[in-house]
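Open the structure in your viewer and keep the selection tool at hand. The stops below say what to select next and what is there.

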Amino acid sequence: MARRKYVVGNWKMNGLSASIADARAIFAGVAGHPAVDVALCPPFTLLGAMAAVPGAVVGGQDCHRAALGAFTGSIAAPMLADAGASLVIVGHSERREGFGESDGDVRAKAEAGLTAGLSVILCVGEPRDVRESGSAIDYVLAQIAGSVPDNFDPQRLAIAYEPIWAIGTGLVPTVDDVAAMHGAIRGALAGRFGAAADAMRILYGGSVNGDNAAELLGAADVDGALVGGASLTSAKFLPIVEAAAVLG
Ligand code: PGA
């Protein structure tokens with residue numbers, strides 16, 4: 001089936017209120033590419049303001065597994081929805097590694113997001129030593145097995161394959177390696193969810209920029225990109241959206 005291309009910007013811990021001007025420029029440019037789904041995930045503090053930008057689709061970068069309660073400093077999925085978010089990223093490697101999140105935690109967060117009516121981008125990806133040892137596919141498929149929930153609308157859950165060694169480094173896997181990984185992920189999803197897996201989008205993330213986007217997005221089973229550094233300004237982000245639009 002034809003899956004719409006999906007380009008998502010992850011601002012990480014970047015952005016003050018002045019950065020809403022960048023989001024405004026990004027969504028103004030995105031309006032010219034209606035065939036591509038585009039979203040930005042700013043820090044929680046900017047969600048409400050960014051959601052008010054014309055044409056904006058915004059998401060959170062994480063959520064708690066609980067819907068409310070005594071969890072100082074955390075944000076629940078219904079709060080994201082209430083602030084105007086329509087999606088949430090879960091299981092980013094900076095959460096898995098920096099905050100000790102297990103596959104079980106990521107699964108619970110994905111379930112919390114889906115229950116709150118959000119769509120979910122669930123991240124997986126191997127560290128460098130695993131890639132070098134030749135077991136990257138086994139590693140990522142184990143993450144998929146442990147962190148993807150059971151019951152959900154396949155249109156509402158996307159996987160982002162982000163090799164950890166490619167994030168923020170300027171290094172990218174070969175297009176063949178990306179296609180092999182995405183094909184393996186698609187196969188695992190099909191094994192578990194049958195034909196419904198066809199509707200699930202699998203994004204690539206890790207040092208995507210305007211120069212490499214066309215090649216990466218053109219690889220088999222790559223349905224979009226999760227973009228960090230190059231998502232902060234329209235000058236860097238819109239060329240990636242344009243590359244996705246050309247591939248349709
Ligand atoms: P990067 O980050 O594009 O800066 O490599 C990607 C990500 O962490 O999602």
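Which of the 13 residues around the ligand come nearest? Select Lys12, His92, Glu162, Gly168 and Ser207: these come nearest, where a residue counts as near if one of its heavy atoms lies within 4 Å of the molecule or strand concerned. Before going on, note that this is a predicted model, in which local features need pLDDT of at least 70 and side-chain atom pairs count only at pLDDT 80 or more, while totals for chains, interfaces and linings use all residues. Residues are numbered from 1 along each chain as its sequence is written, and side-chain values use heavy atoms, with hydrogens and water left out.

**Stop 1: the ligand**

Show the ligand with Lys12, Gly168 and Gly228. A polar side-chain atom of Lys12 is 2.7 Å from a ligand oxygen atom. At Gly168 a polar backbone atom lies 2.6 Å from an oxygen atom of the ligand. For Gly228, again with a polar backbone atom, the distance to a ligand oxygen atom is 2.8 Å. A polar contact here is a pair of N or O atoms within 3.5 Å; within protein, one must be able to donate a hydrogen and the other to accept it, and residues adjacent in sequence count only if both atoms are side-chain atoms.

**Stop 2: Ser207**

Now select Ser207, in the loop between strand 7 and helix 9 (213-217). Helices (H or I, at least four residues) and strands (E, at least two) are DSSP runs, numbered from the N terminus. Is Ser207 buried or exposed? Its relative accessible area is 18%, so Ser207 is buried; buried means under 20%, exposed over 50%, and partly exposed in between, with a 1.4 Å probe and protein chains only. Phi of Ser207 is near 60 degrees, a positive value in a residue other than glycine.

Leaving aside neighbours within four places in sequence, the residues in contact with Ser207 (heavy atoms within 4.5 Å) include Ile167, Leu171, Val172 and Asn212.

**Stop 3: strand 7 and its partners**

Strand 6 (residues 157-161) runs parallel to strand 7 and is joined to it by three bridges; two strands pair if DSSP finds at least two bridges between them. Select Ile159 to see the residue opposite Ile202. Strand 7 also pairs with strand 8 (residues 224-227), in the parallel sense and over three bridges, and here Tyr204 stands opposite Ala225.

Show helix 8 (residues 175-193) too. With strand 6 and strand 7, helix 8 makes a right-handed β-α-β unit. Right-handed means that, with the strands pointing away from the viewer, the path from the first strand over the helix to the second runs clockwise.

**Stop 4**

Eight of them form an open sheet in the order 2-1-8-7-6-5-4-3, with parallel pairing. Strand 2 (37-41) and strand 3 (59-60) each have a single partner strand, so one side of each is left without a neighbour in the sheet.

Five bridges pair strand 2 with strand 1 (residues 6-10) in the parallel sense, and Ala39 is the bridge partner of Val8. From strand 1 the chain crosses through helix 1 (residues 20-30) to strand 2, in a right-handed crossover.

Leu87 is the bridge partner of Gly59.

**Stop 4: two loop residues**

Finish with Asp221, in the loop between helix 9 and strand 8, and Ala52, in the loop between helix 2 (47-51) and strand 3. Asp221 is partly exposed, at 24% relative accessible area, while Ala52 counts as exposed at 60%.
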